[in-house]
Amino acid sequence: MAVITRIIPPEEDGATVRHVLRAGLHFSSHAVSRLAHGGECIFVNGVPVHTPHILRAGDVLAVETEDRRPPKSAVTPGPWPLPVVWEDGHLLIVDKPAGMTAHASNFLPGTPTVAGALAWERGADFIFHPVNRLDKGTTGLMVIAKSGYVHDLLRRALHSEAFRREYRAVCLGCPQPERGTVDAPIGRDETSVVARRVRADGAPAVSHYEVLAKGEGLSLLALRPETGRTHQLRVHMAHLGCPLVGDWLYGTEDPGLIPRPALHSYRLTLAHPVTGERVEVSAPLPEDMQRLLRERFPAGTEI
């Protein structure tokens, strides 16, 4: 059971629990309402209280953040491997394999899901709160909150220095210059139900890139998105004329090289939303991208 604890300082003497939850602990109004109707999940000095309760300096406010409501929709558990690379009582970080979606989709029935893998390991009542979603073909690090409260805090931090995401990718050709920023808005492509494209009336989208190594007609890239548009990194690299290897939607499908877009969520650095701790984790390239490096790049190429 994840619990948030706060010792009430003198300046909050006389404040209500509701006020401290909103102003001091940054619970959303929806989360406060959920707590208010969630039974005994707010305690002051070990005694259950309601949100109108008046606090005094030195009181110990404890709030159970675990969601008690049932999942919105049934999740089908499955025995799909999903390595956990970091975890505490508030969140976990997994290394998602290719071919796995976050949730079940009517467009992709029977596809392994992160939600299903976690339900298999942790029980069907485990409530899934994905923070940074990855496409089906993208591998690597994905953050999952264990409560709506932590999810809200992480989503607010997602596109800031408090939550930095770094990817590795392999593209066709070599972008010029070899280090730069793509600042190009992204919107829907009217010719497709799934594709996006750079368009003047699209949503703002910014990506940073750097060439780490050059091989036989390919480049190994470090990519860092500032924003989080659908397919952002794939669209931006195609916009530069260097689509990702294996990207059937924005480039050329080539199963002989790799049967998916060569994109991997490589490193995450974030400020823990509850403890303030700096969390930094990385995940090695999956085998299919390592094979690209062995076959098409100089010996000893590092990511």
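## Ground rules

Because the model is predicted, local features need pLDDT of at least 70 and side-chain atom pairs count only at pLDDT 80 or more, while totals for chains, interfaces and linings use all residues. Residues are numbered from 1 along each chain as its sequence is written, and side-chain values use heavy atoms, with hydrogens and water left out.

## Salt bridges across the chain

Let's start with charges. Side chains of opposite charge can pair when their charged atoms come close. Here a salt bridge is a side-chain nitrogen of Lys or Arg within 4 Å of a carboxyl oxygen of Asp or Glu, and the structure holds 20 of them.

Take Arg267 and Glu166, whose side chains meet at 3.2 Å, N to O. Arg267 sits in strand β15 (residues 263-271) and Glu166 in strand β9 (residues 163-172), so this pair ties together parts 101 residues apart in sequence. Strands (E, at least two residues) and helices (H or I, at least four) are DSSP runs, numbered from the N terminus. The two also belong to a network of salt bridges with Arg168, Arg278 and Glu280.

## Buried or partly exposed?

Buried means under 20% relative accessible area, exposed means over 50%, and partly exposed is in between (1.4 Å probe, protein chains only). Lys214 and Glu178 form a salt bridge, with their closest N and O atoms 2.8 Å apart. Lys214 is in strand β13 (residues 206-214) and Glu178 in the loop between β9 and β10 (179-183), 36 residues apart. Lys214 is partly exposed at 47%, and Glu178 is partly exposed at 30%.

Arg260 and Asp288 also meet in a salt bridge, at 2.8 Å, N to O. Both of these residues are buried.

## A buried arginine without a partner

Now for Arg196, in strand β12 (residues 196-198). Arg196 is buried yet has no salt bridge: the nearest side chain of opposite charge, Asp135, is 8.9 Å away. For that search, Lys and Arg count as positive and Asp and Glu as negative, with His and the chain ends not counted. What does the side chain of Arg196 reach at 3.0 Å? That would be the backbone oxygen of Val194.

## Helix α3

Helix α3 (residues 114-122) has several buried residues, among them Val114, Ala117 and Leu118. The buried residues of α3 pack against β6 (91-96) and β8 (139-145), where contact means heavy atoms within 4.5 Å. Just after α3, Gly123 takes a positive phi of about 105°.

Notes: Polar contact = N/O pair within 3.5 Å; in protein donor to acceptor, adjacent residues only side chain to side chain.
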